[in-house]
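Good morning, and thank you for coming. I would like to walk you through one structure, starting with its chains and ending with a few single residues. Please have the display in view as I speak.

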Amino acid sequence: MLQNYAGVGVFFLIAAIFPLILLATAWLVRPKRPSPEKLSTYECGLETQGPTWVQFKISYFLYALIFVIFDVETVFLYPWAVKFQALTLFAFVEMIIFIGILVIGLWYAWKEGALEWL
Amino acid sequence: MERLFLNLGEGIQQWLASLGLGATAVSLIMVAIKVAAILGFVLLNVLYLVYLERKISAYIQQRLGPNRVGPRGLLQTTMDVIKLISKEDIIPQAADRKVFRLAAIVVFIPAVMLYAVIPFGKDMIAIDLNIGVFYFIAVSSTTTIAFLMAGWGSNNKYSLLGGMRTVAQMVSYEIPLVFSILGVIMLTGSLKMSDIIAAQKDVWFIVLQPIAFLIFFIAGTAELNRAPFDLPEGEQELIAGATTEYSGMRWAIFFLAEYSNLVAMSALAVTLFLGGPSGPWAPSWIWFVIKVYIMIYLFMWVRWTFPRIRVDHLMHTNWKFLLPLSLANILVTGIGIKIFEWFS
């Protein structure tokens with residue numbers, strides 16, 4: 001069991017090292033001739049106007065909130081789905097109620113316009 | 001033929017054991033060898049997937065596609081790789097250098113880690129985790145972080161917009177994707193990849209869960225940022241999305257990760273819905289490759305056939321159509337299983 005996850009660790013290590021090897025190979029052969037024009041931020045050939053790191057659309061935040069709610073739901077649903085066939089009808093009805101509450105939540109978000117992109 | 005790679009693995013394992021290493025060390029080195037083999041498989045596939053994609057798009061648009069470098073243009077992508085290695089690596093002055101550099105590495109880690117639980121053939125899973133599917137979903141969702149890092153670190157307006165859109169889209173479409181898999185889990189009663197394949201011995205889950213497959217396919221297309229859901233890198237408005245400022249090998253790593261994710265997603269679809277690596281007459285790993293390429297062809301076909309959809313339609317499709325549909329699918333599956341149990 002623990003050995004399995006040590007294997008996952010090996011995957012992680014090699015996955016992290018491999019791009020470094022690729023970049024090192026490229027570093028050996030590529031030219032390096034920077035100039036101020038080359039290093040300027042790309043904006044279709046014009047000078048950049050104003051700062052980039054500004055406030056962004058509120059819709060992104062609303063989607064993120066709804067995402068967190070439903071993502072937590074999936075964490076609860078997975079153990080239930082694994083044991084579904086062993087569980088009684090009671091557990092099934094209980095889960096329908098749980099999903100029902102979330103559907104009401106989705107309906108509320110829908111009604112309040114949190115799902116609109118404007 | 002069937003046990004070709006398994007015998008090869010066993011041979012290496014016995015040779016390692018004969019060197020007098022401990023059991024843990026041998027198994028870890030075996031995993032490392034498997035990762036190397038998987039990396040080779042993925043890189044080779046990506047090399048020819050790019051060629052395949054260009055050829056398919058060309059034939060769909062009645063062009064010839066790449067046909068100059070090598071016979072029928074087969075060496076085109078190889079030459080592209082050589083060109084990319086020798087390209088200058090430009091990091092803009094205004095960029096957040098640390099985040100910018102790290103993003104290219106972060107995007108590649110999940111792209112490789114996904115393959116830990118992919119069954120390449122009968123008994124050919126690198127690590128048969130007992131939470132296999134869950135692991136796949138958890139790792140694949142971390143790709144978003146890399147795109148946000150790339151978008152934010154570039155300090156470029158196109159990149160930031162692209163990064164934001166990528167996160168919003170991938171995060172949204174993850175929910176129907178995860179819900180569509182739930183139906184399969186309910187039928188199997190296990191998250192282990194080998195159990196899911198064993199459960200499909202008689203009938204593939206695409207027959208029992210056609211709606212789930214459809215949701216999975218649509219959400220998968222969106223997760224991979226492919227057309228018709230390629231808004232994060234819509235060329236006409238955002239140049240190249242989050243990767244606008246990247247060049248040379250650093251850009252190539254993003255490209256590599258994108259196609260690696262495509263192969264992984266197709267492999268997951270094959271495992272969950274198309275019976276996994278099994279079929280008559282030929283070895284299971286050949287069937288795996290055939291089925292994965294059918295899925296990849298489907299993704300490519302869709303990409304070059306449908307126009308890009310609008311950003312508000314993108315979100316509406318997800319939250320107001322796919323999400324309720326996937327919830328309904330879970331309910332119908334649950335009721336179906338209970339009725340089936342009642343009668344048998």
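Let me begin with a definition: helices are DSSP runs of H or I with at least four residues, strands are DSSP runs of E with at least two, and both are numbered from the N terminus. This is a predicted model, in which local features need a pLDDT of at least 70 and side-chain atom pairs count only at pLDDT 80 or more, while totals for chains, interfaces and linings use all residues. Residues are numbered from 1 along each chain as its sequence is written, and chains are lettered from A and ligands numbered from 1 in the order in which they are written.

I turn to chain A. Chain A holds three helices and zero strands, and its elements run α-α-α from the N terminus on. Its radius of gyration is 25 Å, well over the 13 Å that the globule rule gives for 118 residues, so chain A is more spread out than a compact globule. Here the radius of gyration is taken over C-alpha atoms, and the globule rule is 2.2 Å times the number of residues to the power 0.38. The C-alpha trace of chain A spans about 70 × 50 × 15 Å along its principal axes. Of its 118 residues, 17% count as buried. A residue is buried if 20 or more other C-beta atoms lie within 10 Å of its own, exposed if 12 or fewer do, and partly exposed in between, with C-beta atoms placed from the backbone.

Chain B comes next. Its secondary structure amounts to 15 helices and zero strands. The radius of gyration of chain B is 21 Å, close to the 20 Å that the globule rule gives for 344 residues, so chain B is as compact as a globular protein of that length. Its C-alpha trace spans about 65 × 60 × 40 Å along the principal axes, and 50% of its 344 residues count as buried. Two residues are in contact if their C-beta atoms, placed from the backbone, lie within 7 Å. Among contacts in chain B between residues at least 6 apart in sequence, 76% join residues at least 24 apart.

How many residues of chain A are in contact with chain B? The number is 53, and they meet 60 residues of chain B. On the side of chain A that touches chain B, helices H1 (2–29), H2 (58–82) and H3 (89–111) of chain A each supply at least two residues. The largest share, 19 residues, comes from H1(A). By class, this side of chain A has 38 nonpolar, nine polar and six charged residues. In this scheme Ala, Val, Leu, Ile, Met, Phe, Trp, Tyr, Cys and Pro count as nonpolar, Asp, Glu, Lys and Arg as charged, and the others, Gly among them, as polar.

Now to helix packing within chain B. Helix H11 (residues 210–223) of chain B packs against helix H15 (residues 311–343) of chain B at an angle of about 150°, with the axes 10 Å apart. Axes are lines fitted to C-alpha atoms, for helices over the stretch in contact, and angles run from 0 to 180 degrees between N-to-C directions. H11(B) and H15(B) are therefore roughly antiparallel to each other. Angles under 35 degrees count as roughly parallel, over 145 as roughly antiparallel, 65 to 115 as roughly perpendicular and the rest as oblique. H11(B) contributes B:Ile211, B:Ala212, B:Ile215, B:Ile218 and B:Ala219 to the contact, and H15(B) contributes B:Leu322, B:Leu325, B:Ser326 and B:Asn329. These residues divide into seven nonpolar, two polar and no charged.

A second pair is helix H1 (residues 4–18) of chain B with H2(B), packed at an angle of about 140° with axes 10 Å apart. That makes H1(B) oblique to H2(B). The contact joins B:Ile12, B:Gln13, B:Leu16 and B:Ala17 of H1(B) to B:Val26, B:Ile29, B:Met30 and B:Ile33 of H2(B).

I close with two residues. B:Gln62, in the loop between helix H2 (23–60) and helix H3 (76–85) of chain B, has a phi near 55°, a positive value in a residue other than glycine. B:Asn225 also has a positive phi of about 55° although it is not a glycine, and lies in the loop between H11 and helix H12 (235–238) of chain B. Which of the two words, buried or exposed, applies to B:Asn225? B:Asn225 is buried, with 23 other C-beta atoms within 10 Å, whereas B:Gln62 is exposed, with 6.
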